[in-house]
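Please take a moment with the sequence and the model below, and then follow the paragraphs from the chain as a whole to its salt bridges and to one helix.

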Amino acid sequence: KTTTTTTATTATSSSSSCDDGWTPLGLEYFVAPLTATCPEDEASVEALNRAARLYENAATTNNNNDDDTKLQHVQELLETHVTTTTTPFVAAARDSNLGVLLFRRGHTLAALEKLQSATSQLDNFVVHDKQQHYAGESIYLRLASLLNLSRALIRHNRIQACHDICKNQIATLVEEFTQYMKESTSNSSIVGSSTASRHYNNNNNNNYTNIPPEVRHQILWLGNVAKFYIMGMVHQRKGELEEALDLYTQFTTKARHDLGHSHVHVATLLYMKGSVLFEQRQLQPALLAQLAALRIHEKQTQAQAQQQAVIHTTTTTQTSTTTTTFQQPREVCRILYSIGRTLHDKEEYRDALHMYQRTVREQKIWYGPHSTVTVTTMCNIARVHHIMGDVEAARHENEAIVVLAKQLAGGRPHPFWANRLVVLGNIYVEVGEMKKAMEVFDRAVSIGGDVVLLMSCDRLDVDNRLATSLNKAGLQHPCAATA
């Protein structure tokens, strides 16, 4: 026996979190409220809907609290209350959303496992006549799960697997959905033998026509995210920069049309365009794209600050204050760093130094002072100081880097720690403090051996060298979030 329970929240909230900018581009948290279910799954579905509302509400609290805390609360709700469901669809929605939360919190391997579980459960889920209420939601969830899985595969450098999902499964689903919608308007149905048709086709021709317009739009949007954004990253990882740049450019135009010029997803695409142009050594166009991305985030922040000001003036009983921050603070850190890095390579050292210092301030807030991301920027700050002839500032920065390198290595011998000691020793030699120089050189040899003194030190501050070194210590690659 099946009962149908209708909720009152099926209007605007049934579109997805993708368009609000809270969920990063390339990920999709399933927030469309489930409007009906079997009696034995009512508790699980209610918890799933409650977690979706909590996720959406978290996006509206723009303050200095780390968003990881908000995401953890949603994750705990899903793990605690959506555990006994017997419906593959509900279990898949749970695992897909858990995958997004884990991915955003940096647990990418666990996220990949959850997303693989979600797609596997949907492979075995068939919409029967008695489950018509799942028809529209199921194709949306399947697309979201496949998109999330492709994004996780990119992070783990499984490029071919990601390519196959985007080109085969996602493209097929979108194509069949589009064709079905066209033919359903003339009371015709599509009958196919593919996986998508077996899952979503049945005798009722109204399955898709009853889908709310915003969900239809979201289904098509997810297809475009896979086609242009995810595939752009695939080409970029494969070194096919022209193809990547073309896809990013096309999607930037479309995103501006669909979402507006000041949407954070447009900023993401501009940042990715800038990263490709930087790799092509087109530094001035890269800088313009990066600055445009930063300006969008700054405009978003200004708008949020104005809203906060209105709240403060109209709520006289409010005693605490909230500080508005960037909508995607970690992405802003990456944009700031990329601007500094481009200015650095353009030999505009004063501007590069200013941007690096601004980057570090933001990184210490959102990543913490003891992170590989922060130390990467500090190394470049020290290098710019040295290039500009400010040896004392370079010395001060390198002393702080050595302390941080020791902490990151856990006090255990590691090449990066030894390398930074050599850099510091050379600075001491330059300022005439030979005793200190010998002490740090001895320390470097005790950590890395005599060979460390033979290494060229002028390249030790370069991002990729540093990232590789720290990654060998089991720490997350500082550029992983930009994958």
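A residue is called buried when its relative accessible area is under 20%, exposed when it is over 50%, and partly exposed in between, with a 1.4 Å probe and protein chains only. The model is a predicted one, in which local features need pLDDT of at least 70 and side-chain atom pairs count only at pLDDT 80 or more, while totals for chains, interfaces and linings use all residues. Residues are numbered from 1 along each chain as its sequence is written, and side-chain values use heavy atoms, with hydrogens and water left out.

The protein chain holds 18 helices and 0 strands, where helices (H or I, at least four residues) and strands (E, at least two) are DSSP runs numbered from the N terminus. Of the 483 residues in the protein chain, 54% are buried.

Charged side chains can be followed next. A salt bridge, meaning a side-chain nitrogen of Lys or Arg within 4 Å of a carboxyl oxygen of Asp or Glu, is found 14 times in a search of the whole structure. Glutamate 46 meets arginine 53 in one of them, at 3.2 Å from N to O, and it meets arginine 50 in another, at 4.0 Å. Arginine 50 and glutamate 46 lie 4 residues apart in helix H1 (residues 42–58), which is about one turn of the helix. Arginine 53 counts as partly exposed because its relative accessibility is 36%, and glutamate 46, at 37%, is also partly exposed.

In helix H12 (residues 329–345), aspartate 345 and arginine 341 are separated by about one helical turn, because they are 4 residues apart. Their closest N and O atoms are 2.5 Å apart in a salt bridge. Elsewhere, salt bridges that share partners join Arg395, Glu399, Glu433 and Lys436 into one network.

Helix H15 (residues 391–408) is the place of asparagine 398. Is asparagine 398 buried or exposed? Asparagine 398 is buried, because its relative accessibility is 2%. Leaving aside residues up to four places away in sequence, asparagine 398 touches Ala382, Arg420, Val423, Leu424 and Ile427, where contact means heavy atoms within 4.5 Å. Just after H15, glycine 410 takes a positive phi of about 65 degrees.
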